[in-house]
Amino acid sequence: MNAPTDTSSPSSLRLVLTLAIAGLVSGIAIIGIYESTLPTITANKARELRAAVFKVLPGVSQMQALVYRDGDLVAVEKPDKDEPVVYGGYDEQSEFVGYAMPAAGPGFQDTIAILYGYKPREKIVVGMEVLESRETPGLGDKIYKDAEFVGGFSALSVEPEIYAVKKGTKSQPNEIDAITGATISSKAVVRIINETHADWSAQLPTPGSEPQLEAAETAGPEAEQ
Amino acid sequence: MKKNQSQEEFIKGIWRDNPVFVQVLGMCPMLAVTNSAINAIAMGMATFFVLVGSSFLVSTFRHVIPKQVRISCFIIIIATFVTIADYTLLALVPAVHKELGAFIPLIVANCLILGRQEAFASRYPTKLAVMDAMGMASGFLLALLSLGSIREILGDGALFGINLFGENFEPWVIMILPPGGFLTLGVILLFFNWFKLKKDEFLEDVAAAERGGN
């Protein structure tokens, strides 16, 4: 026991050794748990993403990741880290339907990360799903809990850009009713979509010449719901 | 005698020395993640795992660890358990992990855990240390759960995500926002202090009556 009366001091070597051994054992334990949970964590994330893509693009049953390289949008199996990526959605006959665009930007409290479905031919947004947000519970979190607001993104024109208007005053195809009590969060979602659309619009190919389906990722049995 | 002592160590953490209501430790996770009962339970379980695991190891190796480097060793042990809890939650219940966010790694900084290592586990035999850790962690879990339930019922009209009051209930939104944590905790601490005062008064009255009787 480390009684307070014990005044003899152990050698420095023993102190260093104790810490070194503790650190070593701890490191091995952490590597072990990291290695054993990594496959599940990666699978969870991939499944969440697939489910979100199929949700924001109705009628889509296959998808592939697309990146912009050398002036062209190309299909890749695994995008490089930090490389901007969009997901191409294809129907049963492998016909192109639309893009699922990941987008992120500042919200009321923290970064809001969303995924929205975009059909380039009609130039409309067809769905929006919030992937990550720390908006105020009960107010700002309505951006994903309020079915009316989320439903407002089912046929929203991006020409010339989307406007959030006071609830009940939507009159144009590019206007969406903001949520009462969560104006900042609703406007943040709209601004994120507008900015992402502006960033990508030059890089997306003309409608009709989208990349063919190559490495298809299908819904799979677990994402059927 | 031995059995009674270990029971005593367990019970004291739940009531007499409750880490939250009596010692007022671990306030950061207490206030931050108790906006719903399920979050409170997840945080309570993670803390339980870390505290019991660390107390077991610290107590087992208490003769091996030189006292000059004991705090560093405690922190290494605690941090390892926290990392294990972090990855396990991320793999098994990603939704809950997302809600708790940064507060899982922050269990390392929960003064309740380091406090128990320094004050108890490094001085007592393994069995007592584990009982003490289990008692303290259960007390912490119960405190989190009571706060989480109160806040979820008032602020969301639900418990464990199950709607309690139907459509006409107007949620008292502030209760699930940060101020609600302070309000609820304040009221509970008020109750505990009132209870303690009443108990002391009662004991004094009894003592006075006995003196008068003799």
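Helices and strands are here DSSP runs, numbered from the N terminus, where a helix is a run of H or I with at least four residues and a strand is a run of E with at least two. In that sense Met27(B) lies in helix α2 of chain B, which covers residues 27-32. The model is a predicted one, in which local features need pLDDT of at least 70 and side-chain atom pairs count only at pLDDT 80 or more, whereas totals for chains, interfaces and linings use all residues. Residues are numbered from 1 along each chain as its sequence is written, while chains are lettered from A and ligands numbered from 1 in the order in which they are written.

To describe the surroundings of a residue, one can count the other C-beta atoms, placed from the backbone, within 10 Å of its own: 20 or more make the residue buried, 12 or fewer make it exposed, and a count in between makes it partly exposed. Met27(B) has 15 other C-beta atoms within 10 Å and is therefore partly exposed. Met27(B) and Cys111(B) are 84 residues apart in sequence, yet their C-alpha atoms are 9.0 Å apart in space.

Turning to whole chains, chain B holds 8 helices and 2 strands, which run α-α-α-α-α-α-α-β-β-α from the N terminus on. Its C-alpha trace spans about 60 × 60 × 25 Å along the principal axes, and 40% of the 214 residues in chain B are buried. Two residues are said to be in contact if their C-beta atoms, placed from the backbone, lie within 7 Å. Of the contacts in chain B with a separation of 6 or more, 75% are between residues 24 or more positions apart.

Chain A has 4 helices and 10 strands, in the order α-β-β-β-β-β-β-α-α-β-β-β-α-β along the sequence. The radius of gyration, taken over C-alpha atoms, can be set against a globule rule of 2.2 Å times the number of residues to the power 0.38. For chain A the radius is 24 Å, well over the 17 Å that this rule gives for 225 residues, so the chain is more spread out than a compact globule. The C-alpha trace of chain A spans about 85 × 45 × 35 Å along its principal axes, and buried residues make up 28% of its 225 residues.

How do helices meet? Two packed helices are described by the angle between their axes and the distance between the axes. The axes are lines fitted to C-alpha atoms, for helices over the stretch in contact, and angles run from 0 to 180 degrees between N-to-C directions. Angles under 35 degrees count as roughly parallel, over 145 as roughly antiparallel, 65 to 115 as roughly perpendicular and the rest as oblique.

Within chain B, helix α3 (residues 37-60) and helix α7 (residues 126-156) pack at an angle of about 170°, with their axes 8 Å apart, which means that α3(B) is roughly antiparallel to α7(B).

Between the chains, helix α1 (residues 12-56) of chain A packs against helix α4 (residues 70-92) of chain B at about 5°, with the axes 9 Å apart, so α1(A) is roughly parallel to α4(B). Among the residues that make this contact are Ala22(A) and Ile33(A) of α1(A), and Ile76(B) and Tyr87(B) of α4(B).
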